[in-house]
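Dear colleague,

I am handing over the structure we spoke about, and below it you will find my notes on what turned up when I went through it. Please read them with the coordinates open beside you.

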Amino acid sequence: MKSHIEIQRIEKSKIDSVDFNNLPFGSVFSDHMLECDYKDGAWQTPVIKPYSPISLDPSAKIFHYGQSIFEGMKAYKDAKDKTMLFRPLDNCKRLNKSAERLVIPQIPEDIFMDGLKKLLEVDNAWIPTNEGSSLYIRPFMFASGNGFHASPADGYKFIICTAPSGAYFAGKVKVLIEEKYARAANGGVGFAKAGGNYAAQFYPTQLAIEKGYNQVIWTDDNSHQFIEEAGAMNIFVRINDTLITSPTSDRILDGITRKSILQIAEDAGIKTEVRKISVGEVVEAAKNGELKEMFGAGTAAVISPIAGFGYQENDYDLPELENPFAAQLKKKITDIQTNKTEDPYGWRVIL
């Protein structure tokens with residue numbers, strides 16, 4: 001059954017002021033957003049309204065206890081102007097998994113999907129058609145209920161905003177393997193897309209930037225001997241012709257791009273392994289020439305190649321390959337996302 005959605009259209013669109021040939025990532029916003037409140041123990045009628053500031057009481061618990069989660073998605077248009085999403089139900093399920101961990105009421109699937117589809121219908125002209133561009137979609141939920149008592153809130157907001165965007169990263173990145181700080185710990189919220197996870201990353205990342213690196217490679221919280229994630233992305237390491245990624249856990253996000261890469265790589269005949277990756281193994285492989293590639297994987301960048309890494313005051317450069325796995329896999333995924341090829345997995349949802 002479809003959700004009833006109230007629609008309040010903007011009086012005058014700002015789309016004519018946007019240069020779609022020079023889009024930054026995530027800082028130009030579409031005309032409308034979807035908003036749905038949770039109060040009196042139930043989700044209310046979703047509203048699509050003009051993109052605008054949110055008014056909250058200073059005692060709203062989001063400001064004090066950090067109950068905030070989000071997702072990242074994209075919408076695309078193909079050559080025939082069809083609009084499509086990539087594995088949207090996986091995003092809905094993961095948002096609710098995050099919600100459960102942070103004691104936020106789960107969003108009904110029909111509100112998530114029907115609201116998203118209607119929002120994309122209303123703002124369809126905002127979906128870019130330029131190569132490499134997409135409409136970035138940010139669903140998020142947070143505590144809007146009031147009070148200074150340290151307990152879950154009694155009110156929440158679910159919002160979806162969209163932003164026509166260009167590429168997330170330009171070119172390859174240089175990373176620093178972290179030896180002191182941890183992104184997440186066993187029993188914590190590392191597997192959830194909680195806002196606080198990302199806030200806690202900023203300081204170590206800034207320290208790495210000051211040393212000349214672009215990002216941090218996160219290691220395990222206990223020994224710092226095992227590679228876990230790359231910045232805000234899952235990480236893949238290619239040693240010889242084997243593609244390796246860390247297993248998901250309390251500390252590691254179950255990335256949708258990650259899962260897609262593993263499936264596509266296996267079907268392409270690329271040997272894959274999901275196992276712990278030790279820092280020592282990566283350093284040794286870099287020294288003896290067996291380390292061929294490292295790359296991050298996530299919704300925003302899809303795949304972001306790593307040009308080199310630093311560890312214990314030493315820098316290691318990765319080789320320039322003629323046909324790297326990263327480029328092959330990125331093309332396969334983006335071709336499915338943009339309807340340029342068959343989708344044998346049923347991941348693509350055409351609206």
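To begin with a contact between a charge and a ring, the charged end of Lys 276 sits over the ring of Phe 226, at 5.0 Å from the ring centre. Please keep in mind throughout that this is a predicted model. A second contact of this kind involves Arg 238, whose charged end lies over the ring of Phe 325, 3.7 Å from the centre of that ring.

Salt bridges

In total, the structure holds 20 salt bridges. One of them joins the side chains of Glu 229 and Arg 183, at 3.1 Å from N to O. This pair links distant parts of the chain, with Glu 229 in strand E12 (residues 226-230) and Arg 183 in the loop between strand E10 (173-177) and helix H4 (195-210), the two residues being 46 apart in the chain. Both partners, Glu 229 and Arg 183, are buried. Another salt bridge is formed by Glu 273 with Lys 271, where the closest N and O atoms are 3.7 Å apart. Glu 273 has a relative accessibility of 24%, so it counts as partly exposed. There is also a network, in which salt bridges with shared partners join Glu 35, Asp 37, Lys 49 and Lys 157.

Cysteines

How many disulfides does a search of the whole structure find? The search finds zero. In the case of Cys 36, the closest cysteine sulfur belongs to Cys 92 and is 12 Å away, which is too far for a bond, because a disulfide needs the two sulfur atoms within 2.5 Å. Cys 36 is itself buried, with a relative accessible area of 0%. Cys 161 is likewise in no disulfide, the nearest cysteine sulfur being that of Cys 36, at 14 Å. Cys 161 is buried as well, with a relative accessible area of 12%.

Aromatic rings

Across the whole structure, the search finds 13 aromatic pairs. Among them is the pair of Phe 309 and Tyr 316, which is stacked, with 4.9 Å from centre to centre and 20° between the planes. Phe 309 and Tyr 316 are both buried. The rings of Tyr 345 and Trp 347 have centres 4.1 Å apart and planes at 20°, and this pair is therefore stacked too. Here the two partners have to be described separately, as Tyr 345 is partly exposed, with a relative accessible area of 27%, whereas Trp 347, at 9% relative accessibility, counts as buried. Beyond these pairs, Tyr 38, Trp 43 and Tyr 156 are linked by ring pairs into a cluster.

Helix H3 (residues 109-122) has 14 residues and reaches 20 Å from its first C-alpha to its last, close to the 20 Å expected at 1.5 Å a residue. The buried residues in H3 include Ile 111, Phe 112, Met 113, Leu 116, Leu 119 and Leu 120, and Asp 114 is also one of the buried residues. Helix H5 (residues 256-267), with twelve residues, spans 17 Å from its first C-alpha to its last, which is close to the 16 Å expected at 1.5 Å a residue. In H5 the buried residues include Ile 256, Ile 261, Leu 262 and Ile 264, and Arg 258 is listed among them as well. After H5 comes Gly 269, whose phi is positive, near 85°.

The chain as a whole

The protein chain contains seven helices and 20 strands. Its radius of gyration is 21 Å, close to the 20 Å that the globule rule gives for 351 residues, so the chain is as compact as a globular protein of that length. Taken along the principal axes, the C-alpha atoms of the protein chain fill a box of roughly 60 × 55 × 35 Å. Of the 351 residues in the protein chain, 52% are buried.

Methods
Residues are numbered from 1 along each chain as its sequence is written. This is a predicted model: local features need pLDDT of at least 70, side-chain atom pairs count only at pLDDT 80 or more; totals for chains, interfaces and linings use all residues. Side-chain values use heavy atoms; hydrogens and water are left out. A salt bridge is a side-chain nitrogen of Lys or Arg within 4 Å of a carboxyl oxygen of Asp or Glu. Helices (H or I, at least four residues) and strands (E, at least two) are DSSP runs, numbered from the N terminus. Buried means under 20% relative accessible area, exposed over 50%, partly exposed in between (1.4 Å probe, protein chains only). Rings of Phe, Tyr and Trp (its six-membered ring) pair if their centres lie within 6.5 Å; planes under 30 degrees apart count as stacked, over 60 as edge-to-face and the rest as tilted. A charge sits over a ring if NZ of Lys or CZ of Arg is within 6 Å of the ring centre and within 35 degrees of the ring normal. The expected span of a helix is 1.5 Å times one less than its number of residues. The radius of gyration is taken over C-alpha atoms; the globule rule is 2.2 Å times the number of residues to the power 0.38.
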